[in-house]
Amino acid sequence: MEKILEAIQNGATGDQLASIPLPGSYRAAHVLKGEQGMWEGTPSQDKDPRKSLHIGEVPMPEIAPDEVAIAVMASSINFNTVWTSIFEPVSTFGPMARLGRESEWAKRHDRDYQVVGSDASGVVLRVGSAVRTWKPGDKVTVHCNHVDDQDPSSHDDSMMGSNQRIWGYETNFGGLADVAIVKANQLMPKPAHLTWEEAAVNALCNSTSYRMLVSKNGAAMKQGDVVLIWGATGGIGAYAVQYVLNGGGIPVGVVSSPDKADILRQMGCEAVIDRKAANYRFWNDDNTHNEGEWRRLGADIRGLVGEDPDIVFEHPGRSTFAASMYVAKKGGTVVTCAATSGFMMEFDNRFFWMRLKRLVGSHFANYKEAYEANRLIAKGMIQPVMSQVFDLAQTGEAAYQVHHNMHEGKLGVLCLSPQEGLGVDDHELRAKVADKLTWFRR
Ligand code: NAP
């Protein structure tokens, strides 16, 4: 890998890169099938990604005709790497075993280890024989929608594909490694004004928020809409705030500390709720709902922006869901993509049907949506929300911090890139957005 890195740093051509032999193994963050039962009986909060995420050499797989091999310069931590490392809600070795039964090439995914990670920026090293639009030397970012293009159900909206998967979560050969193997239809051009690590943190969360708010497949926000955003300085929330502001909406950002509230104000989000200071108790100790607290949240939102939310950007799940369903405006939309605090939700249906609300389930993004979201990053219209950068060797620690909500925005991870700050090609655009690139930096 040293030769490959040296060539990339010296600006080697695609032909030169393609002529360097790939090593037989590469460094990767991975979990082990033999350890999938290691947390049995342990409460979620005590399951420690630092113990289950290993850094070490794994064999280099052959690439399929529709795939590419990438030298990964940087990657990022997503919550799905936390889920994989704590083997919740299910072990990801099950989905990979099912994938392995689909074809000869897919068998490669079913191994006794899984290389995790669903984001990457880097340089294409090899392309399979059926790849047309990408070549060695291309600088890329990777979105995580792993689609079977021979499945008819993938051809309206590929997120509807019957065997759609998330790369690096439900597949092997993920991005938290020095090399990643991805389908060619996961590639997008690397935004030229960003460093490798800034370019690596966006695709998963940015595309998810784009679909949830901007796309017709999500809430299709319009100008003037009031949008309540839970976790507004978290991974998906921080992009959501930007989409609402860019689209002429009015974000109401919920966070849990004064520092996070300051970040929101810096981003231009004026209506901010500190949920810790407000001390909402949506659930009583006996596991019943406290409707008075839903009303208090609604009153706080009205106090800030004068009306109820047209859209609620929901993902904490069990702890907030009933309140989200209550506070949405008559005819409003709750769009949800997750359930961090628990996936068995309850809500009072009377406020849902009588007020003619909509609930939209959303999951990642199709190629077109991810590409559009990446284009906005490349134009400097949406900013990466990176707060800290870790080395690949510290992947477990970074995942631990996300698991315990100790972070803000996104955590970048350096893979082959030997230091922060490398990879910028467009210095002019960078200078134009420089002050926004540090919103989240600590
Ligand atoms: P994150 O960076 O950890 O941010 C989540 C934020 O939610 C936190 O910063 C926290 O903000 C807030 N939060 C956590 N627990 C909460 C609770 N009980 N009540 C209210 N707020 C709470 O994670 P993320 O990357 O934004 O992802 C959020 C969720 O979406 C995860 O479960 C992830 O797996 C999921 N996700 C799904 C998709 C998809 O395609 N379906 C894509 C991306 C992410 P404060 O403490 O500041 O309030």
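**Close-up views of a predicted model**

At 38% relative accessibility, alanine 220 counts as partly exposed, a class between buried (under 20% relative accessible area) and exposed (over 50%), computed with a 1.4 Å probe on protein chains only. This is a predicted model, where local features need pLDDT of at least 70, side-chain atom pairs count only at pLDDT 80 or more, and totals for chains, interfaces and linings use all residues. Residues are numbered from 1 along each chain as its sequence is written, and side-chain values use heavy atoms, with hydrogens and water left out.

Helices (H or I, at least four residues) and strands (E, at least two) are DSSP runs, numbered from the N terminus. With 1% relative accessibility, phenylalanine 173 counts as buried.

**View B. Alanine 177 in the loop between β8 and β9.**
Here is a residue with a relative accessible area of 0%: alanine 177 is buried. Its contacts (heavy atoms within 4.5 Å), leaving aside neighbours within four places in sequence, are Tyr26, Arg27, Ala28, Val72, Val115, Leu392 and Cys415. Look also for alanine 71, which is 106 residues from alanine 177 in sequence, with 8.8 Å between the two C-alpha atoms.

**View C. Helix α11, residues 291-305.**
From first C-alpha to last, the 15 residues of α11 reach 21 Å, close to the 21 Å expected at 1.5 Å a residue; the expected span is 1.5 Å times one less than the number of residues. Glu293, Trp294, Leu297, Gly298 and Ile301 are the buried residues of α11. Seen down the axis of α11, these fall within an arc of 145°, so they line one face of the helix; the arc is that of the directions from the helix axis to the C-beta atoms. Their cover includes the strands β11 (226-229), β12 (250-255) and β13 (271-274), along with α12 (321-327) and α13 (349-353). Just after α11 comes glycine 306, with a positive phi of about 85°.

**View D. The largest cavity, about 50 Å³ in volume.**
A search of the whole structure finds two cavities of 30 Å³ or more. A cavity is a set of points on a 1 Å grid over the protein atoms alone where a 1.4 Å probe fits but cannot get out, and lining residues have an atom within 4 Å of a point. Grid points are joined across faces, edges and corners, and a volume is the space filled by probe spheres set on the points. Helices α7 (203-213) and α14 (367-378) each supply at least two lining residues of the largest cavity, and α14 gives the largest share, four residues. Among the lining residues are Thr141, Met188, Asn206 and Ile377.

**View E. The second largest cavity, about 40 Å³.**
Strand β9 (residues 179-183) gives the most to this lining, with three residues. The residues lining the second largest cavity include Glu67, His109, His146, Trp167 and Lys183.

**View F. A cis peptide bond between glutamate 88 and proline 89.**
Omega is about -15° for this bond. Proline 89 has its place in the loop between α4 (79-86) and α5 (93-100).

How values were computed. 1 Å grid on protein atoms, 1.4 Å probe; cavity = no way out; pocket = protein on both sides within 12 Å on 5 of 7 lines; lining within 4 Å.
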